[in-house]
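Take a walk through this chain.

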Amino acid sequence: MFRINRLVGISKLEAMVALLLIAILGAILLDRLLFYQEVAERTAMETTIINLRSALRLTVAELRMQNRMQDLEHLVGANPIAWLDRPPANYAGELDNPSPTAIPPGSWCFDRTRRQLVYRPKLTRLIKADSEEEKLIRFQVTAVMRAEESAATPIAEGVALSLVRPYDWSVE
């Protein structure tokens with residue numbers, strides 16, 4: 001009977017190569033995970049804005065039905081969160097001129113001083129900005145004006161929830 005002596009196991013080189021491959025795959029997986037988390041955060045923020053704009057349209061429609069269009073001016077500079085049935089879970093409340101660090105990451109707040117709704121992203125790898133202040137995304141309720149030739153001043157025909165400063169949160 002022939003007996004073959006074989007060593008079973010792996011060499012140190014094979015183990016290092018295997019660990020290196022696992023580390024590279026883990027780093028790629030972690031990068032993709034962080035990317036998709038940031039995409040999800042941006043989508044959640046934009047969904048909240050869509051809901052706020054819908055609530056604003058309903059509020060304006062209600063004023064039109066009640067023939068109270070003169071009350072539109074009360075909506076300008078208002079806190080849009082008040083139009084929702086309940087505030088988002090990540091709403092930090094109304095603050096006076098908050099610094100970027102005063103707003104919890106991943107949260108909304110209403111800046112009473114500037115009359116702006118502010119979102120501070122939690123994940124900011126994909127936001128192109130020079131400072132933490134520029135990473136804050138700000139919205140404001142503004143009047144939509146219509147100029148008429150017969151009127152000396154423009155007439156407010158509606159309100160809009162407008163972006164204060166464009167942001168670049170690229171997810172491509």
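Arginine 42 and glutamate 46 both sit in helix H1, four residues apart, about one turn of the helix. Their side chains meet in a salt bridge, with N to O at 2.9 Å. Glutamate 46 is partly exposed, because its relative accessible area is 28%, and that class lies between the 20% and 50% cut-offs. Keep in mind that this model is predicted.

Side chains of opposite charge can pair when their charged atoms come close. The count of salt bridges here comes to 10.

Now move to arginine 112. A salt bridge joins arginine 112 to glutamate 94, and their closest N and O atoms are 3.7 Å apart. This pair links distant parts of the chain. Arginine 112 is in the loop between strand E2 (107-111) and strand E3 (116-120), while glutamate 94 is in strand E1, 18 residues apart. Arginine 112 has 33% relative accessibility, so it counts as partly exposed. Glutamate 94 is also partly exposed, with a relative accessible area of 36%.

Elsewhere, salt bridges that share partners join Asp111, Arg114, Glu133 and Arg138 into one network.

Is tryptophan 83 buried or exposed? Its relative accessibility is 17%, so tryptophan 83 counts as buried; the cut-off for buried is under 20%. Which residues does tryptophan 83 touch, leaving out those up to four places away in sequence? They are Leu52, Ala55, Leu56, Thr59, Leu75, Ala78 and Val141. The C-alpha atoms of tryptophan 83 and serine 54 are separated by 9.4 Å, and the two residues are 29 apart along the chain.

Finish on the surface. Leu13, Met16, Val17 and Leu21 make a nonpolar patch there of about 420 Å². Methionine 16 belongs to helix H1, which spans residues 12-65. Methionine 16 has 56% relative accessibility, so it counts as exposed; exposed means over 50%. Tryptophan 83, by contrast, is buried at 17%.

Key. Residues are numbered from 1 along each chain as its sequence is written. This is a predicted model: local features need pLDDT of at least 70, side-chain atom pairs count only at pLDDT 80 or more; totals for chains, interfaces and linings use all residues. Side-chain values use heavy atoms; hydrogens and water are left out. Patches are made of residues with over 30% relative accessible area and no salt bridge: like charges are joined within 9 Å, nonpolar side chains (Val, Leu, Ile, Met, Phe, Trp, Tyr) within 5 Å. Accessible areas come from the Shrake-Rupley method with a 1.4 Å probe; for residues, only the protein chains shown count as cover. A salt bridge is a side-chain nitrogen of Lys or Arg within 4 Å of a carboxyl oxygen of Asp or Glu. Helices (H or I, at least four residues) and strands (E, at least two) are DSSP runs, numbered from the N terminus. Buried means under 20% relative accessible area, exposed over 50%, partly exposed in between (1.4 Å probe, protein chains only). Contact means heavy atoms within 4.5 Å.
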